[in-house]
Amino acid sequence: MLFELERVTMSRDGKVVLQDLSASLPKGASCVAGPSGSGKSTLLRLLNRLADPDAGIVRYGDSDVRQRDPLELRREVCLVPQLPALLEGSVEDNIRFAAGLAGRDPDVPRLLDLAGLDRSFAARSGEKLSVGEQQRAMLARALALEPRVLLLDEPTSALDEEAREAVESTLLDLRERVRLSTVLVTHDLDQARRMADWVVRLDEGRLVAEGRVKEHLAV
Ligand SMILES: Nc1ncnc2c1ncn2[C@@H]1O[C@H](COP(=O)(O)OP(=O)(O)O)[C@@H](O)[C@H]1O
Ligand SMILES: [Mg+2]
């Protein structure tokens with residue numbers, strides 16, 4: 001397994017949002033699905049130590065994530081947040097900054113291409129892009145870290161139908177071109193069917209089901 005959660009409990013503002021949750025996410029394309037407020041984003045943030053649970057263990061590979069330095073882990077297991085948050089400056093500036101943190105010299109045109117942006121976006125200012133384009137710039141920036149795992153928090157929730165389809169095909173294409181695992185958070189079971197091979201279903205912070213999409217989300 002790529003990630004394993006063992007009896008994880010997590011509270012926010014005194015309210016239990018993940019309750020005694022045990023679940024696994026294998027290598028490849030997996031997803032965490034559930035209604036709004038079910039704890040999906042909270043779970044995702046545990047995987048690269050943006051937060052640590054109140055109780056229980058999160059394993060990445062064979063080891064407890066708490067044995068890993070958080071900054072180093074976050075470069076290897078990179079989260080693309082639900083809402084884009086680019087730094088001031090051009091898309092290329094953003095990519096170079098991220099790559100610099102990981103000590104890498106980025107191939108900007110290739111990263112743009114992987115994220116579904118043409119080369120002209122390198123010089124464009126982040127604040128003048130549409131939300132969908134900003135999300136792609138965030139994806140290019142994440143890929144500049146050369147992560148082993150991408151955590152994608154509802155990457156299409158702010159997009160219209162056409163942009164959603166385009167982002168989905170970019171993500172499917174990306175998996176063919178780059179060796180990396182993805183954990184996609186979604187409230188949309190149809191998207192889970194289209195995008196993932198493995199699903200962890202949550203409701204009110206508890207595990208509802210987990211397993212192969214083919215078996216658990218059969219139509
Ligand atoms: N920063 C926060 N502070 C306090 N409570 C939060 C915070 N973020 C989320 N929550 C609460 O935690 C619960 C789970 O939230 P979240 O993990 O964001 O769910 P989902 O991503 O499935 O919509 C919700 O009840 C939400 O209100
Ligand atoms: Mg969320």
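**A walk from the ligand shell to the sheet**

Helix H1 (residues 40-47) contributes three residues to the shell around ligand 1, the most of any element. This is a predicted model, in which local features need pLDDT of at least 70, side-chain atom pairs count only at pLDDT 80 or more, and totals for chains, interfaces and linings use all residues. Residues are numbered from 1 along each chain as its sequence is written, while chains are lettered from A and ligands numbered from 1 in the order in which they are written. Helices (H or I, at least four residues) and strands (E, at least two) are DSSP runs, numbered from the N terminus.

The residues around the ligand include Arg12, Asp13, Gly34, Lys40, Ser41 and Thr42. Here a residue is near if its C-beta atom, placed from the backbone, lies within 6 Å of the molecule.

Now the sheet. Six strands form an open sheet in the order S6-S7-S8-S3-S9-S10, with mixed pairing. Two strands pair if DSSP finds at least two bridges between them. Strands S6 (77-80) and S10 (206-212) stand at the edges with a single partner strand each, so one side of each has no neighbour in the sheet.

Further in, S3 (residues 29-33) and S9 (residues 198-203) run parallel, joined by four bridges. Cysteine 31 has valine 199 in S9 as its bridge partner. Leaving out residues up to four places away in sequence, cysteine 31 also touches others, among them Val183, Val185, Ala192 and Met195. Such a contact puts two C-beta atoms, placed from the backbone, within 7 Å.
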